[in-house]
Amino acid sequence: MAECGRVDSNTSSGHTMDKSITLPPDEIFRNLENAKRFAIDIGGSLTKLAYYSTVQHKVAKVRSFEHTTKEAASDKLYEISVQEEVTARLHFIKFENAYIETCLDFIKDHLVNTETKVIKATGGGAHKFKELIEKKLGLKVDKEDEMTCLIKGCNFVLRNIPHEAFVYAKHADSEFRFQTTNPDIFPYLLVNIGSGVSIVKVESEDTFERIGGSSIGGGTFWGLGALLTKTKRFDELLQLASKGQHTSVDMLVKDIYGGSYGYLGLTGDLIASSFGKSATADKEFSKEDMAKSLLHMISNDIGQLACLYAKLHNLSRVYFGGFFIRGHPVTMHTITYSINFFTKGEVQALFLRHEGYLGAIGAFLKGAEEDNPNLYSWGENYAGSSGLMSVSPEMNPMQRARSGTFPFDMLEMDRLERQLVNLPLLQDPSSYIPDTVDLTEDAPAREYWLYCFEEALDGVVKRALASQPDMPEAAVRAEKFRQKYRHKLQTLRHQPFAYGSLTVRSLLDTREHCLNEFNFPDPYSKIKERENDVALKYYQKAVTSLDQLSSEDRQFALVRGVLAGNVFDWGAKAVSDVLESDPEFGFEEAKRQLEERPWLVDSYDQWLERQKGPPHKCALFFVDNSGVDIILGVMPFVRELLSRGTEVVLASNSGPALNDVTNSELQILTEKIAAMDPVIQAALREDRLTLVQSGSSSPCLDLSRLDKVLAMVVRERQTDLVIIEGMGRAIHTNYYATLSCESLKMAVIKNSWLADRLGGKLFSVVFKYEVPAGKSNEYDPALTP
C-alpha cells in the first residue's frame, strides 16, 4: 500500500503531508508499471492525469483438434485454452492540485517500462507546475493549446461513450436523463465556463471557431462571492448557494407589478432585477441568499448568451462544461432553467459525464497522433471507472471522499479489437435506444434487478471457480471479483446514473468487465463444451424428423424448436436451477414447458403467411446460446431458410458472455454440422451461409455498436430480414427497435418477475414479426400499415 498525502497550503516548504489518504496502487494508478505515454491537464484546483498502458489479461480460446488421432482419443468436442493477451487501455485520474506533488512521487516510483520522454500538458496550471513535473518525472513538458485539447476530448467522448451527454432535471424522478448519441456528432456548440466564458462552434474533427464569450463566468462568481460572503473556497460558495433563497435578495416581477405582467408574458416569479432588493431593503442579507442570487445572475447571463449564439448559428446541440460546471447539481439546475426559459424549451442544456477529463483526453490524443487512436473504437471499462457521482455541495467530506470524486476520480477506456458502427438497417440511428427499460427512471424495476444480480453472485463465483479447477489462486481472484461486483451494485443502488442509464444490459456488462478484470474470461466454457457435444449427437435425428413433416407443420415445428432451444439459458436463474438439479432435462422437456398459443406476443400467423411468398434475399440472424439453442433450435431454422433460397448471415459474439455461443465456437460447430448435413455443407461451400462476429461480448445487443465487417456484409448481401433471438437481445434490448427491413424477434421469458410484469407467466413466448412502416407486405394485406 502506498500513501498519498495532501500538501499543507500553510507550509512554505510544501513538504508537510497529512497522511490521511492511502493509495492502493492497484486501485488508483492502475497498471502504472506498463504506462507508455502521459498527458496532464492542470486547472485552478484540479489535476487530470492521462496515461496509456498495455494490459495483460487472460482470454479464452477454442480450436478444433489438429490431428484426427488426437480427436479420436479425446472425448471433447474442441480444445479450450486460456491464453495471455495484451491490449491497450487509457487511464484518466482526477485529483485536487493539493495532492499533485505526492502523486508525482508515487508515479515516479512505479514507472518501470515507460519509453516516453515527453508529457503533453494543457490547462492554466501547466506553466505553474512545469518545473515540478519535469523534476519529479524526468519528462519534458510539452504544452498544448487548451481549447484544441478541449475540443478533441469532447469529440472523443461523444464518439466512444454511449450515454455521455445528459439533461439535468432537478425535480424529476431521475435527475439525470441521458441522451442517445447521434452517429454524426457535428455540428455542436460548446460553452466552456472557466474563469470567463468561451463559446465555441465545432463543425468537424479539426474545424472549430470561438464565436463569442463573456468575462462574466466562474471567476466572477468566485470573486464576487468571496467579496460578498468572505468565503474563499469555490465549493463552499456553492454549498452556501444550495441553501439560499434568491427571492430574499432579487427583485421579482411581482415585487414591481404585484403579480405577473401578462401583456409581456412575464410571470410574477421571474427575476426582474438581480440583487434589486439590496438597494432598498433596510436589513442584512444572509450569505446563503446572496450566493444563490449571484449564482442565478451569472447562470442566467451565460444561458441567454448561449441561446443567442445557438440561434444565430442554427445549432440545436449545446454542451456546457468547464470549471464552473464540474457536475454540481446547483449549477446545472440554474443553467438548465435559464436555457429552457430563453428558448421556450427548443434547446436543451446538455452536460457531459466526463466533462472534467476533456482537456486531458485531448492532450493525450495530441501526443498519440502517430498511433491514430481515432481509427479504433473504445469502450468504458466499468470495472476500473468510478463513474458519474453526485458532488452535491450538501454532501459532507466523508460522503464526497466515498463518492470517488474527491480526492480521486477515475475513468478507464479499453481499445476494442474491432471498429464499431451502426447496423445499416436501423430506420433512424439518431433515435435508436437499445434498452427497453431505463432502470434509472423505474424504481421498482431497479430495486428488483439489483437484488436479482446480487442474489446470483454466489452462483457466478461458483462457475468461475469451476472453469479453472487447476489454478490454486483462482479462489482468491474469485473472492476479489465478488467484492468488486458487489461494491459496484451498492454504488449503483445509491448512484444509479453512475455509468449512464442503468439497464439490465449495463448490469450484465459490468459483471462481465469485473470477471475479466480478475482473469475469468469464460466461466461457462466447460458447460458450453459439454452441451454442444450432447446437442450435436441429436442433430441428424432432429432434422430428419422435421423433413418428414408437411410444409405448414414444419414451419411451426421450426419456430417451436428455436423457442425451446432458447430455454437453455444459464443466465436465467429459473433455468440454471433446473439444469443443475436435473441433468436429464432436454430439448423435448423444454418444448413441453413452452406456453401454448396464443402466445404473449404472437405474430406467428403473419410470419407463416409471409413464408408462403417469395424467399427473402438475405437474413441476418443474431444468435444466442450454445448447445441445444444454436444446434437443435437455430441451425434447423437456418437450414430451412437456405433451402428456400435465402442467404444467411449468422452473427455471434466476438467474446464470451454467460453461455452465449462465440464466433470461434460457432465456426467449429458449423463445420461439425456441415459434415452431417449436405444442405449446410453446400451453403458454406457456395458462400450462402456466412459466419460473422457481432463485435459484442455482452448477453445483450446494441445495434449502434456492431463490427464494421458485419455492417459491410449486411450491405453487400442486401439483407432484407433481421432475426434477433433471446431474452437479452430481443426483450431487454431491441424490443422497440425499428428497422428499415422486415424483422423477427423471438424469445422465451425465463424470469417470473418480468413475465408477471409483462402480463404473462414463466416460459411465456414473444414472437414479434414486424414489417417497417411505409412498406406493405403484399403477401398478407392484414400487415399493411
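**Figure 1. Phe 275 counts as buried, at 18% relative accessibility.** The model is predicted: local features need pLDDT of at least 70, side-chain atom pairs count only at pLDDT 80 or more, and totals for chains, interfaces and linings use all residues. Residues are numbered from 1 along each chain as its sequence is written, and side-chain values use heavy atoms, with hydrogens and water left out. Buried means under 20% relative accessible area, exposed means over 50%, and partly exposed lies in between (1.4 Å probe, protein chains only). Phe 275 sits in the loop between strand E16 (271-273) and helix H8 (287-312). Helices (H or I, at least four residues) and strands (E, at least two) are DSSP runs, numbered from the N terminus. Phi of Phe 275 is positive, about 60°, although the residue is not a glycine. Most residues other than glycine have a negative phi.

**Figure 2. Asn 314 also has a positive phi, near 55°, in a residue other than glycine.** The view shows the loop between H8 and E17, where Asn 314 is found. Is Asn 314 buried or exposed? At 70% relative accessibility, Asn 314 counts as exposed.

**Figure 3. Two cis peptide bonds.** One joins Phe 186 and Pro 187, with omega about -10°. Pro 187 lies in the loop between strand E11 (176-178) and strand E12 (188-193). Another cis bond runs from Arg 597 to Pro 598, with omega near 0°. Pro 598 belongs to the loop between helix H20 (587-593) and strand E22 (601-602). Most peptide bonds are trans.

**Figure 4. Phe 320 and Phe 351 form a tilted ring pair.** The structure holds 38 aromatic pairs. In this one, the ring centres are 6.0 Å apart and the planes meet at 40°, so the pair is tilted. Rings of Phe, Tyr and Trp (its six-membered ring) pair if their centres lie within 6.5 Å; planes under 30 degrees apart count as stacked, over 60 as edge-to-face and the rest as tilted. Phe 320 lies in strand E17 (residues 317-321) and Phe 351 in strand E18 (residues 348-352), so the pair ties together parts 31 residues apart in sequence. Both Phe 320 and Phe 351 are buried. Ring pairs also link these two into a cluster with Phe 166, Tyr 168, Phe 176, Phe 178 and Phe 497.

**Figure 5. Helix H10 (residues 358-367) is mostly covered.** Of its 10 residues, 9 are buried. Among the buried residues are Leu 358, Ile 361, Phe 364 and Leu 365. Glycines Gly 359, Gly 362 and Gly 367 are buried too. What covers the buried residues of H10? The cover includes strands E5 (35-42), E6 (46-63), E7 (79-96) and E8 (118-122), helix H4 (146-160) and E18.

**Figure 6. His 354 occupies the loop between E18 and H10.** His 354 counts as buried, at 4% relative accessibility. Contact means heavy atoms within 4.5 Å. Leaving aside neighbours within four places in sequence, His 354 is in contact with Ile 161, Glu 164, Glu 380 and Leu 411. Arg 326 is 28 residues from His 354 in sequence and 9.3 Å away in space, C-alpha to C-alpha.

**Figure 7. Ser 385 is buried, with a relative accessible area of 2%.** Its loop runs between strand E19 (378-380) and helix H11 (397-403). Not counting residues up to four places away in sequence, Ser 385 touches Glu 380, Met 410, Leu 411, Glu 412, Lys 488 and Tyr 499.

**Figure 8. Helix H17 (residues 539-547) packs on helix H22 (residues 628-643) at an angle of about 45°.** The axes are 10 Å apart. Axes are lines fitted to C-alpha atoms, for helices over the stretch in contact, and angles run from 0 to 180 degrees between N-to-C directions. H17 and H22 are therefore oblique to each other. From H17, the contact uses Tyr 539, Ala 542, Val 543, Leu 546 and Asp 547. From H22, it uses Ile 631, Leu 632, Met 635, Pro 636 and Arg 639. These contact residues divide into 8 nonpolar, no polar and 2 charged. Ala, Val, Leu, Ile, Met, Phe, Trp, Tyr, Cys and Pro count as nonpolar, Asp, Glu, Lys and Arg as charged, and the others, Gly among them, as polar.

**Figure 9. Helix H12 (residues 443-455) crosses helix H15 (residues 504-517) at roughly 25°.** Their axes come within 11 Å. That makes H12 roughly parallel to H15. Angles under 35 degrees count as roughly parallel, over 145 as roughly antiparallel, 65 to 115 as roughly perpendicular and the rest as oblique. H12 contributes Trp 449, Leu 450 and Phe 453 to the contact, and H15 contributes Val 504, Leu 507, Leu 508 and Arg 511. The contact of H12 with H15 has 6 nonpolar, no polar and 1 charged.
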